[in-house]
Amino acid sequence: MSISTAESSKAAPPSTTAVVAVLAFAGIVVSLMQTLVIPIIPHLPEYLNASASDTAWVVTATLLASAVAVPTMGRLGDMFGKRRLLLISLALLVIGSIVGAMSSSVVPLVFGRVLQGLAAGVIPLGISIMRDVLPPKKLAGAVAIMSAAMGVGGALGLPIAAMIAEYADWHVLFWASAVLGAVVTGLILVIVPESTVRTGGKFDFVGASTLSIALITLLLAISKGNSWGWTSTATVSMLAIAVIAFAIFAWWELRTPKPLVNLRVSARRQVLLTNVASIVFGFAMFASSMVFPQVVQLPEATGFGLGGSMLTAGLVMAPSGIVMMLIAPLSSKITNTFGPKITLMAGAVVVAIGYAVGIFALHSIWQLIMVAVIIGAGTGMAYGAMPALIMGAVPASETGAANSLNTLMRALGTSFASAIAGVVLAQMTMPLGDTALPTENAFRVIMALAAGSALMALVLAAFLPKFRGAVSVKDTADHTPEPVAAR
């Protein structure tokens with residue numbers, strides 16, 4: 001990487017603070033998109049004049065598009081420039097939001113949600129840019145903040161979307177998303193520098209196709225298993241196709257010179273265990289989203305429901321997102337002092353404690369907020385450590401693909417959480433009038449499973465290699481980044 005003296009004197013590089021703030025804002029905007037339609041899901045059949053089974057694709061389509069986009073955008077970013085792919089992702093978000101805002105039927109709205117889902121690679125791309133352009137001493141804190149953006153956007157998106165849906169036309173949700181996407185795109189153009197780290201080579205279309213087929217069929221089986229039936233022909237067929245596609249993908253990736261995912265690097269103990277821990281931690285993190293909003297909104301006649309509104313449910317979840325961001329400095333301090341392994345283990349312990357307390361504290365708003373804050377603090381610590389562990393074990397030229405794979409693992413964990421929680425809630429019910437509602441013990445079982453998942457992540461993290469400066473390991477970097485100005 002070489003920049004002439006004349007060029008460097010014309011304009012000072014942007015500050016570390018500005019770059020991190022803009023990339024974190026981008027992550028929050030994309031995460032907001034994920035929760036955008038949750039408050040209006042029960043009303044979509046009425047809004048779109050369609051059946052509930054058809055309108056369910058408004059959510060499912062985004063999930064499937066995200067699964068395809070995350071590994072693909074990460075690899076393309078490594079090849080052609082992470083900032084360039086970041087801007088393309090945000091452009092798709094803006095276009096998809098505009099399409100959604102102008103929709104009045106299912107098909108165009110689903111198409112718009114697909115485009116929004118294709119922006120899911122923004123967070124791993126942002127983390128990868130940070131590795132390439134920030135000074136090593138600033139990296140741990142920046143990564144912790146960027147990782148927390150996932151939880152912040154999700155937690156804050158629910159009350160914001162509920163408030164808009166309650167007091168304005170539902171199309172405003174999509175117009176707001178378009179405006180935010182356009183604003184963050186402009187900020188990235190002005191403030192965020194392009195990384196000069198490239199892998200080159202040709203894009204692995206075979207790998208991308210087989211992985212996309214595998215992920216789509218797996219996620220379809222997971223997300224639709226409750227409605228299709230877990231032993232139905234459709235579910236079993238999707239799972240069979242997923243297994244075959246994953247096998248073909250692995251066979252091809254081990255033989256092609258420029259794979260979409262470097263499986264040999266992914267098999268390294270630090271990468272493999274971090275990715276497996278990400279799956280179980282994704283389960284633990286998302287379980288609270290399956291429990292707290294429902295407990296808040298269930299009628300008081302159940303004996304444990306709080307009879308609140310969707311807006312109240314969103315406000316209960318919001319503090320956890322704020323705490324995830326506030327805990328980032330502590331997470332980075334632990335990482336810089338003791339290593340990301342200890343940070344991940346500490347986060348797992350805090351999350352497990354939060355869920356253990358939650359099993360017995362579901363009876364008031366303040367109790368739910370307290371538990372959500374504890375879980376949010378642990379999640380923020382762990383999510384900040386995972387990219388640091390990944391970046392400490394892969395070459396800089398593969399950072400985008402490796403971070404994208406780790407993000408995908410977390411998403412798979414949340415999908416498993418949704419499916420398993422759905423089974424528990426469907427099986428453990430009580431009658432209330434003509435309706436069957438989940439019992440209090442059903443929510444306790446989900447909390448116990450989440451606590452167990454956090455402890456499983458703790459065990460996996462215990463087998464990670466000892467800290468050797470994982471965030472800024474120079475023998476894996478293959479380059480010395482030219483940092484932006486630190487402030």
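**Ground rules**

I am working with a predicted model, where local features need pLDDT of at least 70 and side-chain atom pairs count only at pLDDT 80 or more, while totals for chains, interfaces and linings use all residues. Residues are numbered from 1 along each chain as its sequence is written, and side-chain values use heavy atoms, with hydrogens and water left out.

**Entry 1: the cores**

I began with nonpolar cores, meaning sets of buried Ala, Val, Leu, Ile, Met, Phe, Trp, Tyr and Cys residues joined through side-chain atoms within 4.5 Å. For burial I used relative accessible area: buried is under 20%, exposed is over 50%, and partly exposed is in between, with a 1.4 Å probe and protein chains only. The largest core holds 60 residues, and L23, M130 and I188 have the most contacts inside it. A separate, second core has 57 residues, A149, L158, Y355 and L437 among them.

I then looked up the partners of L23, taking contact as heavy atoms within 4.5 Å. With neighbours within four places in sequence set aside, L23 is in contact with L86, G126, I129, M130, M146 and V192.

**Entry 2: α2 against α8**

Next came the helices, which are DSSP runs of H or I with at least four residues, numbered from the N terminus. Axes are lines fitted to C-alpha atoms over the stretch in contact, and angles run from 0 to 180 degrees between N-to-C directions. The axes of α2 (residues 16-34) and α8 (residues 122-133) come within 9 Å and cross at roughly 170°. That makes the two helices, α2 and α8, roughly antiparallel; the cut-offs are under 35 degrees for roughly parallel, over 145 for roughly antiparallel, 65 to 115 for roughly perpendicular, and oblique for the rest.

I noted the crossing of α2 and α8 as left-handed, meaning the near helix is turned anticlockwise from the far one by less than a right angle, with clockwise giving right-handed. On the α2 side I found V20, L23, A26, G27, V30 and S31, which meet V122, I123, G126, I129 and M130 of α8.

**Entry 3: α6 against α7**

The pair α6 (residues 82-101) and α7 (residues 106-117) packs at about 165°, with axes 7 Å apart. I therefore logged α6 and α7 as roughly antiparallel, and their crossing is left-handed. From α6, the residues L92, L93, I95, G96, S97, V99 and G100 meet P108, L109, F111, G112, L115 and Q116 in α7.

Is S278 buried or exposed? S278, in helix α14 (residues 269-297), counts as buried because its relative accessibility is 0%. Its side chain makes a polar contact of 2.7 Å with the side chain of N406; such a contact is a pair of N or O atoms within 3.5 Å where, within protein, one must be able to donate a hydrogen and the other to accept it, and residues adjacent in sequence count only if both atoms are side-chain atoms. Beyond four places in sequence, S278 touches M386, N406, M409 and R410.

The axes of α14 and α19 (residues 399-427) come within 6 Å and cross at roughly 45°, so α14 is oblique to α19. The α14/α19 crossing is right-handed. Contact residues include S278, G282 and F286 of α14 and N406, M409 and G413 of α19.

**Entry 4: K341**

K341 sits in helix α17 (residues 340-358) and is buried, with a relative accessible area of 14%. The K341 side chain reaches the backbone oxygen of L464 at 3.0 Å. Not counting residues up to four places away, K341 touches L389, A461, A462, L464 and P465.

Most residues other than glycine have a negative phi. N49 is in the loop between α3 (44-48) and α4 (52-55), and is exposed at 73% relative accessible area.

T55 lies in helix α4 and is buried at 4% relative accessibility. I listed L44, P45, L48, A50 and V106 as residues that T55 touches, leaving out those up to four places away in sequence.
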